[in-house]
Amino acid sequence: MLQIKNLQASVNGEPILKGVDLEVKAGEIHAIMGPNGSGKSTLASVLAGNELYEVTGGEAWFEGKNLLEMPPEIRAREGLFMAFQYPVEIPGVSNINFLKTALAEIRAHRGLPPLSAKEFMQRLKEKQELVEFNASLVNRSLNEGFSGGEKKRNEILQLAMLEPKLAILDETDSGLDIDALRIVANGVNKLRAKDNAFIIITHYQRLLQYIIPDYVHVLYDGRIIKSGTKELAYELEEKGYDWIKESLQASFS
Amino acid sequence: MSKSIFNSFYQYLIEQYEAFQANLQGTLPWPDALLKHKQQAFELFKKQGFPSTKQEDWKYTNLAGPLQQIFHLSAGNETADLQTALKAASIKDVQACRIVLLNGRLQRAYSDPLPEGVHFLEGAEALHHYYAEEYFASLADPTGIPLVALNTAFVPAFNLLHIQKTTDRPLHIMHFYASHQASFLPERLLLVTEEQVQTQIIDTFHQLTTEPILINYVVEQYLKEQVAMDIFLINALQPNATFFHHSETYLHSQSTYHHLNFSFPGADFIRNNINARLQGSASEANLWGLYVGGGHQLVDNHTIVDHQQPGCNSNEWYKGILQDKSTGVFNGKIFVEKGAQKTNAFQKNNAILLSREATVHAKPQLEIFADDVKCSHGSTVGQMNEEALFYLRTRGLSELTARQLLIEAFAFDILSKIPHKAVAHHVMELLRQHLHLESSIPIDA
Ligand SMILES: Nc1ncnc2c1ncn2[C@@H]1O[C@H](COP(=O)(O)OP(=O)(O)O)[C@@H](O)[C@H]1O
Ligand SMILES: [Mg+2]
């Protein structure tokens with residue numbers, strides 16, 4: 001589904017990603033862990049198409065198409081979704097209208113007609129239940145006045161509504177209490193399927209107790225320096241990121 | 001540089017005045033009491049000329065450009081077939097009573113019958129009305145306001161709208177303009193609303209010809225006790241129009257006034273003075289504005305809210321969207337006079353610049369001489385929120401749709417003040433029509 005080869009990116013001329021390789025297949029869940037500042041959000045942003053980041057080398061292929069050549073909206077319509085670490089508040093843009101427009105655009109891209117108002121509300125209700133996000137969204141502006149947890153849950157609601165093939169969750173767990181964390185994890189577990197995939201970016205191992213990843217990667221200083229199975233996450237939790245840094249230094253010395 | 005502009009248009013007006021007056025005396029003689037104001041206004045104009053950018057209120061609004069040509073005084077008796085234009089200018093789904101004017105003169109044949117208790121007087125009837133002597137040139141005092149002096153001196157006649165009863169549908173004053181040479185078109189309205197009346201007025205402006213015109217529209221309004229009046233001013237004039245508008249409103253006790261001011265790209269030059277004088281206690285003035293600039297347009301909104309009595313409220317919010325090489329000017333004065341205790345006065349203005357070459361000059365100006373006052377103001381100038389734009393695009397919205405959504409969200413605070421669904425819809429359509437998003441330059445992060 002996704003092939004990343006030697007991906008390099010910089011911001012304001014400063015290299016951040018220094019050669020990332022990653023392959024994600026349908027049905028898989030990959031976790032990317034790493035200390036703050038290692039480039040996790042940068043990787044997610046580059047994949048989503050944020051023009052703030054300049055791709056300086058490498059490739060990214062999504063379902064056989066060159067991801068890096070597509071504007072962000074085409075990536076989304078092709079089935080890529082990123083749940084933001086810091087979802088932006090947009091006063092004056094109605095949550096409902098926004099979701100309706102987004103869904104219509106994505107469906108149109110897939111050759112499907114827009115849902116009727118009734119079908120849309122039905123689906124919204126279903127998905128709200130799925131992600132246990134019961135706040136009334138009617139008459140509210142996008143993320144405006146939402147608590148941190150509500151914003152994260154709204155991201156997962158959008159994910160559920162838009163049904164992407166590949167979802168990248170950027171630290172969706174940070175700032176969530178344990179109940180919210182469990183709800184988010186449950187949502188993801190219910191949404192996971194044979195034909196979709198998830199990249200879960202997280203700083204802590206906590207979330208991975210609820211969402212069991214197939215693979216765990218450690219991103220450090222713009223590179224994936226270690227990959228493994230879920231046990232790697234436990235090891236990281238136990239030994240801390242310093243362990244990785246030390247073993248890295250050891251291998252260079 | 002002098003504080004005034006004495007250009008060839010000024011010279012032309014000074015030279016024409018005598019003949020203009022003589023002609024007026026022959027066709028529509030003004031009563032002495034009003035003529036006196038006219039002559040005084042002319043002397044003022046003669047002495048002061050047009051204001052230059054040396055004057056504080058004209059600092060960013062340079063008249064030298066728009067007034068470099070001669071705008072001819074018109075005979076004021078133009079006729080035109082308005083049938084098609086009227087249809088195009090009517091607002092869909094608004095059951096309004098249309099009052100149709102051509103170059104400021106009532107076109108009875110095209111106008112709808114007035115509701116009971118509403119009188120629209122023109123010519124001699126207006127000149128000799130008891131309210132004319134009482135209010136003409138005393139609500140909008142020409143002293144110190146050059147464009148009011150200009151209007152008072154050169155307006156051939158004025159209209160008087162007298163509202164005695166609550167109206168069950170909005171009055172839509174449709175201002176059409178036609179000319180076959182560059183023309184100066186002064187226009188004037190005196191509006192008196194009797195006690196306890198509730199009414200709504202829509203003002204729209206339309207050009208029938210493409211010759212350059214200088215519109216100078218002065219409105220004097222007097223709201224008696226417990227009146228509720230809403231004005232919706234919608235300016236979607238075309239290029240070659242220069243628009244000077246001065247609106248002076250006096251509110252009596254417990255009256256409520258909403259003034260909604262919308263302008264769009266088109267007219268090369270717009271200057272609005274929107275003034276509300278809270279002359280009776282417990283009265284309320286709300287000034288809302290949305291201006292969309294485009295091309296080389298200059299849009300200048302100067303407002304005054306004058307708290308003269310205790311216990312009055314005012315709310316003001318102007319928002320600007322500036323595209324291309326357009327310039328926006330906003331000046332909001334709030335006066336709280338001595339003794340105007342328990343005043344609440346709020347003002348906000350926000351602008352977004354959608355191009356690197358667009359500019360805005362915004363200045364709140366508060367002068368407070370009472371102590372028991374709640375007063376606040378805020379002013380922001382920003383650009384398209386690139387972060388929000390990216391967020392929307394990652395959800396599948398095209399860049400164009402996302403930009404449109406964000407601009408409409410910005411405008412929403414003002415659009416939502418329109419209580420009429422159909423009028424709000426009309427303004428939204430104008431907004432969409434005048435946003436040329438494809439050409440808006442992404443701003444550097
Ligand atoms: N927009 C930006 N402007 C400047 N520096 C940035 C920007 N985004 C990320 N960086 C820098 O890139 C590095 C990686 O950041 P980020 O990708 O957010 O890391 P992580 O998500 O792993 O904490 C950090 O040093 C950060 O300061
Ligand atoms: Mg991050």
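This is a short tour of a predicted model, stop by stop.

Residues are numbered from 1 along each chain as its sequence is written, chains are lettered from A and ligands numbered from 1 in the order in which they are written. Local features need pLDDT of at least 70, side-chain atom pairs count only at pLDDT 80 or more, totals for chains, interfaces and linings use all residues, and side-chain values use heavy atoms, with hydrogens and water left out.

**Confidence**

Color by pLDDT, the predictor's confidence in each residue, from 0 to 100. Chain B has a mean of 94, and 98% of its residues reach 70 or more. Now select residues 439–445 of chain B: pLDDT is below 50 there. Beyond near neighbours in sequence, this stretch has 16 contacts in the model (contact: heavy atoms within 4.5 Å). Where pLDDT is low, the predicted coordinates should not be read in detail. For the complex, the predictor gives an ipTM of 0.95 and a pTM of 0.89.

**The magnesium ion**

Select ligand 2. Ser41(A), through OG, and Gln85(A), through OE1, coordinate this magnesium ion at 2.1 to 2.3 Å. Donors are N, O and S atoms within 2.8 Å of the metal (3.2 Å for Na, K and Ca); water is not among the atoms, so the site may look incomplete. Ser41(A) is in helix H1 (residues 40–48) of chain A, while Gln85(A) is in the loop between strands E6 (80–83) and E7 (90–94), 44 residues apart. Helices (H or I, at least four residues) and strands (E, at least two) are DSSP runs, numbered from the N terminus. Ser41(A) is partly exposed at 25% relative accessible area; Gln85(A) is buried at 14%. Buried means under 20%, exposed over 50%, partly exposed in between (1.4 Å probe, protein chains only).

**Two helices in chain A**

Show H3 (residues 95–109) and H4 (residues 117–130) of chain A. Their axes come within 12 Å and cross at roughly 105°. Axes are lines fitted to C-alpha atoms, for helices over the stretch in contact, with angles from 0 to 180 degrees between N-to-C directions. H3(A) is therefore roughly perpendicular to H4(A) (65 to 115 degrees). Display Ile96(A), Leu99(A), Lys100(A), Leu103(A) and Arg107(A) in H3(A); they meet Phe120(A), Arg123(A) and Leu124(A) in H4(A).

**Two buried residues in chain B**

Go to Ser263(B), in strand E14 (residues 256–263). Ser263(B) is buried at 2%. Its contacts beyond four places in sequence include Asn235(B), Tyr291(B) and Val299(B).

Finish at Arg393(B), in helix H7 (residues 386–393) of chain B. Arg393(B) is buried at 7%. Its contacts beyond four places in sequence include Glu51(A), Glu73(A) and Glu399(B).

Notes: Angles under 35 degrees count as roughly parallel, over 145 as roughly antiparallel, 65 to 115 as roughly perpendicular and the rest as oblique.
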